Amino acid sequence: FFLMIRRPPRSTLFPYPTLFRSVTTAQATSVPIGQFCVATLGDLVSPPVQNITALGFVTASSEFDSTFVTGNAVDRVTNTNWYSNGRTGGDSEVFDWTITNGSNTLLTGIETDAESMGGFGFKLAQVSVINTAGETVYMTEFIGLPGNRVDLDLSFPEGTVGNQVRILLVDHEDATCGGFAELRVFGQPFG
């Protein structure tokens, strides 16, 4: 068994001295102090992905009544629910989350919690991301919801940028209403 330990360098120069060339007097006078930095730490480090649900507002194609409003789906209380008015407007519902300031941002995914009462879900869901120009930048296929529970945990492809998440819910489990408890949207907060 041999252990080799490398001797420290005899010179104080780095092994790549061409990276640290001297500046001529002409260059030094034309470049203000501190202007040599190409990027700041903020340019190199992306803001963390976080729950940005509170940075947006929600709308839906219908509400069951004043007790089960769209705002219940983003109130961070899992035993309050948003419910649609059932099949009176057709057998599908649209639920939208939109960034309040109208700008695009990096969106990384969503989570939903199924409605807390049971029996008021949907059979299928389709999720889309839409940008400020109204273009759909990402759309899932229809997702079968096991047990008719709107319980989604979905990551968007890397680099998905938009300002609206749309959830299309199809085929009410109950003819009177359908919905879910909570929606969480994840991404990078805008500046």
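The model is predicted, so local features need pLDDT of at least 70 and side-chain atom pairs count only at pLDDT 80 or more, while totals for chains, interfaces and linings use all residues. Residues are numbered from 1 along each chain as its sequence is written, and side-chain values use heavy atoms, with hydrogens and water left out.

The protein chain holds two helices and 12 strands. Helices (H or I, at least four residues) and strands (E, at least two) are DSSP runs, numbered from the N terminus. Along the sequence the order is α-α-β-β-β-β-β-β-β-β-β-β-β-β. The protein chain has 191 residues, and 34% of them are buried. Here buried means under 20% relative accessible area, exposed means over 50%, and partly exposed lies in between (1.4 Å probe, protein chains only). The accessible surface of the protein chain is about 11,900 Å². Carbon and sulfur atoms account for 58% of that surface. These areas come from the Shrake-Rupley method with a 1.4 Å probe; for residues, only the protein chains shown count as cover. Contacts (heavy atoms within 4.5 Å) were examined between residues at least 6 apart in sequence. Of these contacts, 77% join residues at least 24 apart.

Strand β12 spans residues 179-187. Seven of its nine residues are buried, so strand β12 is largely enclosed by the rest of the structure. Two strands pair if DSSP finds at least two bridges between them. Strand β5 (residues 105-114) is joined to β12 by seven bridges, and the two run antiparallel. In this pairing, Thr112 stands opposite Leu183. Strand β1 (residues 50-51) also runs antiparallel to β12, with two bridges. There, Asn51 stands opposite Phe186. Strand β3 (residues 82-83) likewise has two bridges to β12 and runs antiparallel to it. Trp82 faces Phe180 of β12 in that pair. In a regular strand the side chains alternate between the two faces of the sheet.

Side chains of opposite charge can pair when their charged atoms come close. A salt bridge is a side-chain nitrogen of Lys or Arg within 4 Å of a carboxyl oxygen of Asp or Glu. The count comes to five. One of them joins Arg166 and Asp96, at 2.7 Å from N to O. Arg166 lies in strand β11 (residues 164-172) and Asp96 in strand β4 (residues 92-99), so the pair ties together parts that are 70 residues apart in sequence. Asp96 is buried, with a relative accessible area of 8%. Arg166 is partly exposed, at 30%.

A salt bridge also links Glu111 and Arg184, at 2.9 Å from N to O. Glu111 belongs to strand β5 and Arg184 to strand β12, so this pair ties together parts 73 residues apart in sequence. Both side chains belong to partly exposed residues: Glu111 has a relative accessible area of 24%, and Arg184 has one of 21%.

Glu115 and Arg149 meet in a further salt bridge, at 3.5 Å from N to O. This pair links distant parts of the chain, 34 residues apart. Glu115 is in the loop between β5 and β6 (122-130), and Arg149 is in the loop between β8 (143-144) and β9 (153-155). Glu115 is buried, with a relative accessible area of 2%. Arg149 is partly exposed, at 33%. Salt bridges that share partners also join Glu111, Asp113 and Arg184 into one network.
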